[in-house]
Amino acid sequence: MAFQILLNVVLAFIWAFLQNSYTLVDFFIGYMVGLLILFVLRRFLTFDFYFRRVFAVIKLALLFARELVLANIDVIKIVLSPKMNIQPGIIAVPTQLKADWEVTLLGALISLTPGTLTMDFSDDNQILYIHSIDVPDKEAMIRQIHNTFEKAIMEVRQ
Amino acid sequence: MSLIEIIISILVLLGGLLSLLGAIGIIRFPDVYGRLHAATKSATLGVILIMLATFLYFLIIEQQFVVKVLLTIVFVFLTAPVAGLMMSRSAYRIGVPLWEKSVQDDLKHKVSIEKNRKLNVTDKQ
């Protein structure tokens with residue numbers, strides 16, 4: 001992937017040399033042209049067209065923004081309700097993510113979403129212990145984490 | 001009062017409101033872990049909104065592109081989860097109890113195993 005980005009930057013430089021004008025705009029246009037070339041030649045690259053991963057990162061960021069707003073509304077409802085009608089608890093959530101940075105990212109995203117807080121990792125990093133502020137249904141919560149964050153992180157990895 | 005000024009004002013007010021709700025949460029939640037929720041993160045969206053408003057203000061009204069402000073958001077993102085993790089983790093390890101009405105405690109098992117292991121090690125020494 002790093003090789004492809006380097007290739008793209010080199011193509012952008014070549015574009016700027018061909019134009020004989022060296023501004024940021026030229027470089028940007030060259031980068032876009034290089035992106036197109038890489039996309040056309042994606043069959044000959046040793047692995048996937050790298051920009052797909054950039055899209056996956058953007059998708060993850062948007063997903064996180066949505067979850068952040070929704071979860072904030074939930075927590076505000078809890079904080080402002082006259083009776084604290086909540087069922088907090090610590091839940092073990094198994095994860096299929098392998099690399100350290102993936103598990104770290106998952107834990108950080110869970111922590112940053114209000115209502116859930118990563119408390120500990122198991123020794124082999126396959127289980128996250130999450131303190132949740134309201135768990136009427138344990139299975140539903142685990143499923144929700146799997147369907148949102150874990151899935152999006154997996155897309156970034158591939 | 002232009003449209004952009006109205007948007008910036010709304011962002012700042014929302015951010016302030018969320019921070020206030022975080023403070024109320026610290027008072028109202030019954031146990032350490034609940035309070036940590038309020039302390040470490042209801043601020044997250046509040047900080048993001050206020051910083052976004054600052055960024056927009058400088059960009060559109062003062063015509064300056066201040067990336068430092070956006071970096072603030074990045075640093076909050078990097079540090080807030082780690083702070084929450086370390087505080088809740090150490091609180092659990094020294095035995096701060098959960099609220100009585102808590103329904104689940106999956107961590108108990110793991111921590112008790114760790115404690116046993118530690119005891120065995122000290123016995124051997």
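Is K68(B) buried or exposed? K68(B) counts as exposed, at 69% relative accessibility. Here buried means under 20% relative accessible area, exposed means over 50%, and partly exposed lies in between (1.4 Å probe, protein chains only). K68(B) sits in helix α3 of chain B.

**Basis of the model**

This is a predicted model, in which local features need pLDDT of at least 70 and side-chain atom pairs count only at pLDDT 80 or more, while totals for chains, interfaces and linings use all residues; side-chain values use heavy atoms, with hydrogens and water left out. Residues are numbered from 1 along each chain as its sequence is written, and chains are lettered from A and ligands numbered from 1 in the order in which they are written.

The model scores ipTM 0.74 and pTM 0.75. The predictor's confidence in each residue is its pLDDT, from 0 to 100. For chain B the mean pLDDT is 80. In that chain, 81% of residues reach 70 or more. Confidence in chain B is highest in helix α1 (residues 3-28), at a mean of 88. It is lowest in strand β1 (residues 104-105) of chain B, at 64.

**Chain B**

Chain B has 4 helices and 1 strand. Helices (H or I, at least four residues) and strands (E, at least two) are DSSP runs, numbered from the N terminus. Read from the N terminus, the order in chain B is α-α-α-β-α. Chain B has 125 residues, and 32% of them count as buried. Contact means heavy atoms within 4.5 Å. Take the contacts in chain B between residues at least 6 apart in sequence: 57% of them join residues at least 24 apart.

One loop residue deserves a look. Q63(B) lies in the loop between α2 (32-61) and α3 of chain B. Q63(B) is not a glycine, yet it has a positive phi of about 60°. Q63(B) is exposed, with a relative accessible area of 65%.

**Where the chains meet**

The contact draws 38 residues from chain A and 38 residues from chain B. Together the chains bury about 3,100 Å² between them. Buried area is the accessible area (1.4 Å probe) that two parts lose on being put together, summed over both. Carbon and sulfur atoms carry 69% of it. On the chain A side, I90(A), L112(A) and M119(A) lose the most area to chain B. Those three together make up 20% of what that side buries.

The rule finds 3 residue pairs in polar contact across the interface of chain A and chain B (both at pLDDT 80 or more). A polar contact is a pair of N or O atoms within 3.5 Å; within protein, one must be able to donate a hydrogen and the other to accept it, and residues adjacent in sequence count only if both atoms are side-chain atoms.

Which elements give two or more residues to the side of chain A that touches chain B? They are α3 (51-80), β1 (89-94), α4 (100-112), β2 (116-121) and β3 (127-132) of chain A. The largest share, 7 residues, comes from α3(A). By type, this side of chain A divides into 22 nonpolar, 12 polar and 4 charged residues. Ala, Val, Leu, Ile, Met, Phe, Trp, Tyr, Cys and Pro count as nonpolar; Asp, Glu, Lys and Arg count as charged; the others, Gly among them, count as polar.

**Salt bridges**

Side chains of opposite charge can pair when their charged atoms come close. A salt bridge is a side-chain nitrogen of Lys or Arg within 4 Å of a carboxyl oxygen of Asp or Glu. The structure holds 3 salt bridges over all chains. Between chain A and chain B the count is 2.

| Salt bridge | N to O distance |
|---|---|
| E67(A) with R66(A) | 3.5 Å |
| R89(B) with D120(A) | 2.7 Å |
| D120(A) with R93(B) | 2.1 Å |

D120(A) lies in strand β2 of chain A, and R93(B) in helix α3 of chain B, so this pair crosses between chains. Shared partners join D120(A), R89(B) and R93(B) into one network of salt bridges.

How accessible are these residues? D120(A) is buried, at 1% relative accessibility. R89(B) is partly exposed, at 29%. R93(B) is partly exposed too, at 28%. E67(A) is buried, with a relative accessible area of 9%.
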